[in-house]
Amino acid sequence: MQRRSFLKSVLAGLGAAAVAVLGYPVMRFLAPLRSAVATEKLAISKTDIPSGDAKEVIYNDKPIIVINRRGKGYIALSRVCTHFGCLVMYDKEQGRLVCPCHAGIFTLEGNVVSGPPPRPLERIPIEVTGDMIFVGYIG
């Protein structure tokens with residue numbers, strides 16, 4: 001084997017290795033995330049959330065808030081702001097959700113009122129049965 005052909009082979013191998021090492025993370029970044037389907041429901045007693053109050057919980061590794069809206073019933077929303085991912089906080093006096101990072105304001109239905117958030121908060125399905133609230137996959 002000649003020196004020139006040997007160097008071409010070595011450089012081709014190194015180039016292929018570099019493409020593989022750099023290409024894998026890029027493909028993982030560009031590939032859509034697989035959505036995790038909840039296999040279990042989270043049960044919360046109605047007595048834990050009186051009218052006008054809210055309860056913050058973790059469901060499927062996601063911080064959520066379950067709110068007992070006066071006259072409207074229960075709703076579960078992701079606490080992750082759609083702007084930069086900060087956790088929204090429940091403002092009981094004003095009846096809204098507020099993002100402390102950039103003053104994004106959401107209604108108790110998760111809709112954007114003001115600020116930079118580009119879209120509403122994610123709704124989490126719930127089922128109210130008897131004295132319990134079941135959060136998660138409804139099926």
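Lys72 is exposed, with a relative accessible area of 56%. In this predicted model, the Lys72 side chain forms a salt bridge with that of Glu109, at an N to O distance of 3.4 Å. The two residues belong to distant parts of the chain, 37 residues apart: Lys72 is in the loop between S3 and S4, and Glu109 is in the loop between S7 and S8.

Glu109 also meets the side chain of Arg69 in a salt bridge of 3.0 Å, N to O. Because Arg69 lies in strand S3 (residues 62-69) and Glu109 in the loop between strand S7 (105-106) and strand S8 (112-114), this pair ties together parts that are 40 residues apart in sequence. Arg69 counts as buried, at 12% relative accessibility.

## The Lys92–Asp53 pair

The count of salt bridges comes to six. One of them joins the side chains of Lys92 and Asp53 at 2.7 Å, N to O. Lys92 is located in the loop between S5 and strand S6 (96-98), while Asp53 is in the loop between strand S1 (42-45) and strand S2 (54-59), 39 residues away. Lys92 is partly exposed, with a relative accessible area of 40%; Asp53 is partly exposed as well, at 22%.

Thr82 occupies the loop between strand S4 (73-78) and strand S5 (89-91). Its relative accessibility is 14%, so Thr82 counts as buried.

A polar atom of the Thr82 side chain lies 2.6 Å from the backbone oxygen of Arg119. Beyond its neighbours within four places in sequence, Thr82 is in contact with Phe106, Pro117, Pro118, Arg119, Pro120 and Leu121.

Note on methods
Residues numbered from 1 in each chain as written. Predicted model: local features only at pLDDT ≥ 70, side-chain atom pairs only at ≥ 80, totals over all residues. Heavy atoms only, no water. Helix = DSSP H or I, 4+ residues; strand = E, 2+ residues; numbered from the N terminus. Buried < 20%, exposed > 50% of the residue type's maximum accessible area, 1.4 Å probe, protein only. Polar contact = N/O pair within 3.5 Å; in protein donor to acceptor, adjacent residues only side chain to side chain. Contact = heavy atoms within 4.5 Å. Salt bridge = Lys/Arg side-chain N within 4 Å of Asp/Glu carboxyl O.
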